Amino acid sequence: MIPIKTESAWRGTADCKACGIRDMVLFADLNEQDFNLIHAPIDDLVYGVGQSLYAEAAPAHSVFTLRSGLIKLVRSTPDGRQRVLRVLRPGDVVGIEALAGPRYDSEAVALTEASVCRIPVDVIHRLAQHSPRLHMRLLQKWQAALREADDWLAALNFGTARQRVANFVLKMRHATDPQVVTLFSREDMGAMLDLKLETVSREVSALVKAGILEPLDRIGRLYRIADEAALQARITG
């Protein structure tokens, strides 16, 4: 797995009202009166690749809104392996289970450099009591997280290796350019798809050789989908 560092860089207290992606994140529907209820600091943090936001089963004191970058949720299996449950994108809430229980269900690790806002749980609870808008937003985020978890399970943990890798490629499209895809280390992909590293490497190489994926860098992380119809055919065929 990616080596995990311990420190994160602190950028200071976040300005939620001026957030550039406020419409995407948790506080999208809050008004001026709602913001006046925030008394505890909301920290703007940046995590480097491989850094952990929190550990599995650690005390859950905060939730995080992801402003930029990608974060994976990792859970340990009884036999000591690590499974990647899903990947979170900008606008997602990380550690939302902190609102319902005392500990985190999984470990959250930055797959790319990630900018997050760390929000104390008591701030969320206080706002939810006074703001029906935030309460509804929380329900929507929770439902979205459950739906995404179901989608990942259905698409990425069943079928042949060819189907799983093709599905994963489609899921990792960029929001701003759906033809561009970010992949990760083959070891991480194997943990996501429950496949061996060698199998993942072979399937990605086959996509490149077939002209379905076009590499955009030299380290095997960034690709362009050159033939989407052929990629879809690998899922249905």
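In strand E12 (222-225), Arg224 is the bridge partner of Glu214. The model is predicted, and local features need pLDDT of at least 70, side-chain atom pairs count only at pLDDT 80 or more, and totals for chains, interfaces and linings use all residues. Residues are numbered from 1 along each chain as its sequence is written, and side-chain values use heavy atoms, with hydrogens and water left out.

Strand E11 (residues 213-215) pairs with E12 in the antiparallel sense over 3 bridges; two strands count as paired if DSSP finds at least two bridges between them. The hairpin of E11 and E12 has 6 residues between the strands, and Gly220 there takes a positive phi near 75 degrees. E12 also pairs with E10, again antiparallel and over 3 bridges, and Val180 stands opposite Arg224.

Buried means under 20% relative accessible area, exposed over 50%, and partly exposed in between (1.4 Å probe, protein chains only).

A second open sheet has 4 strands in the order E3-E8-E5-E6, with antiparallel pairing. Strand E3 (52-54) and E6 stand at the edges with a single partner strand each, so one side of each is left without a neighbour in the sheet. The twist here averages 30 degrees from one strand to the next. Strand E5 (residues 71-76) is joined to E6 by 6 bridges, and Val74 stands opposite Val84 in E6. Helix H5 packs on this sheet, where it touches E5 and E6, and its direction makes about 95 degrees with that of E6.

The largest nonpolar core has 32 residues, of which Phe168, Val169 and Met192 touch the most other members. Such a core is a set of buried Ala, Val, Leu, Ile, Met, Phe, Trp, Tyr and Cys residues joined through side-chain atoms within 4.5 Å. Helix H4 gives the largest share, 6 residues. At least three residues come from each of domain 1 (22-138) and domain 2 (158-234), with bounds taken from an automatic or database domain assignment. Leaving aside neighbours within four places in sequence, Val169 is in contact with Val181, Leu183, Leu207, Leu213, Ile225 and Leu231; contact means heavy atoms within 4.5 Å.

The whole structure holds 3 aromatic pairs. Rings of Phe, Tyr and Trp (its six-membered ring) pair if their centres lie within 6.5 Å, and planes under 30 degrees apart count as stacked, over 60 as edge-to-face and the rest as tilted. Phe168 and Phe184 form an edge-to-face pair, 6.2 Å centre to centre with 70 degrees between the planes. Phe168 lies in H4 (residues 161-171) and Phe184 in the loop between E10 (180-182) and H5 (186-193), so the pair ties together parts that are 16 residues apart in sequence. Both Phe168 and Phe184 are buried. Ring pairs also link Tyr54, Phe64 and Tyr104 into a cluster.

Notes. Helices (H or I, at least four residues) and strands (E, at least two) are DSSP runs, numbered from the N terminus. Axes are lines fitted to C-alpha atoms, for helices over the stretch in contact, and angles run from 0 to 180 degrees between N-to-C directions.
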